Amino acid sequence: MTLRQTRYGSPRLTIQHTSESEMGQIYIPFLNWLLFISIIAVVLLFKSSSNLAGAYGLAVTVTMFCDTLLVGFLAYSYWKWKTWKLILFIVPFVVIDLVLLSSNLLKFFIGGWMPVVVALIVFTLMMIWKRGRGELQTKLQSDTLPLDMFIQHVDDSVNKVTGTAVFLTGTPNVVPHALLHNLKHNKILHERNVLVTVDVQDIPYVSKDDRFLVEQLELDFFRIKLNYGFKEQPNLPIELEAVFDAYHIEFNLMEISFFVSRERIISKQNKLLDKWREQIFSSMHKNTSPISDFYQIPSNRVVEIGSQIEI
């Protein structure tokens with residue numbers, strides 16, 4: 001089971017990979033239950049299969065048309081087909097699909113509206129998430145500080161406490177926001193600070209020899225990259241114990257704090273439409289599955305440091 005946040009399309013979702021060799025063969029429990037509930041709702045709404053004919057016909061022909069366009073894009077961009085070859089093999093299918101689609105458009109008001117409405121809702125949510133994530137990442141990146149520069153400017157005046165602080169980050173070359181906020185508000189820095197980045201690769205399993213890559217920096221800062229296959233379930237405490245043993249550092253889970261950033265989105269848009277979009281994104285972001293569950297971190301060792309981000 002893997003908890004993954006897609007690059008553009010959706011928040012983190014629990015994904016179960018059902019194949020040992022194909023990364024794209026997946027089962028998503030949340031979407032499966034959503035599909036089940038949606039099917040029941042459609043059956044209750046249309047009451048008979050004959051009433052569903054319009055919805056089914058329009059959905060199928062639109063899907064066929066989109067598939068043809070995607071194959072054409074694939075052939076032109078990746079297979080490097082010549083223009084004449086595209087015209088010869090793709091255009092005839094486009095013409096056929098357009099004829100079928102135009103005939104099914106007559107069924108729009110007798111059930112064909114349903115797949116169109118569903119598609120628009122899903123597309124709108126995906127675009128809101130894509131735009132919101134892009135603006136959030138841009139805002140976060142603008143407030144970052146290079147890690148090497150930060151280490152160079154840490155002096156003896158900073159209060160240090162015993163123990164280890166682990167920061168989950170996707171950008172190991174900059175200072176995590178949780179570390180900056182902890183130093184800014186609590187005025188402390190742990191004696192050992194570990195920045196952990198997890199990379200899920202396109203292979204089912206990663207060998208133990210390739211599991212982690214460690215870079216030891218000054219002032220007891222560590223950068224750790226953990227590599228997992230898509231069939232593996234990350235367990236951060238176990239991997240940290242292996243890293244500590246390799247560097248002859250005593251491992252005591254009760255002396256390790258796992259810091260996780262938690263952003264609260266605040267809309268600064270004045271337009272009603274933009275504000276509505278930001279509120280939806282904020283709700284989606286707030287209800288995203290916590291990353292600490294995915295890494296199997298004990299709940300009593302997790303410290304969430306929140307910050308307010310205006311986008």
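Colleague: What does buried mean here?
Modeller: Buried means under 20% relative accessible area, exposed over 50%, and partly exposed in between, with a 1.4 Å probe and protein chains only. Arg211 is buried, its relative accessible area being 11%.

Colleague: What kind of model is this?
Modeller: This is a predicted model, in which local features need pLDDT of at least 70, side-chain atom pairs count only at pLDDT 80 or more, and totals for chains, interfaces and linings use all residues. Residues are numbered from 1 along each chain as its sequence is written, and side-chain values use heavy atoms, with hydrogens and water left out.

Colleague: How many salt bridges does the structure hold?
Modeller: The structure holds 6 salt bridges, each a side-chain nitrogen of Lys or Arg within 4 Å of a carboxyl oxygen of Asp or Glu.

Colleague: Which residues are linked in a network of salt bridges?
Modeller: Arg211, Glu232 and Glu239 are linked in such a network. Glu232 pairs with Arg211, with the closest N and O atoms 2.8 Å apart. Both Glu232 and Arg211 are buried.

Colleague: And how far apart are the closest N and O atoms of Glu239 and Arg211?
Modeller: In that salt bridge they are 3.8 Å apart. Glu239 is buried as well, with a relative accessible area of 12%.

Colleague: Changing topic, which residue forms a salt bridge with Glu215?
Modeller: Arg223 does, and the closest N and O atoms are 3.1 Å apart.

Colleague: Is Glu215 buried or partly exposed?
Modeller: Glu215 is partly exposed, at 38% relative accessible area, whereas Arg223 counts as buried at 11% relative accessibility.
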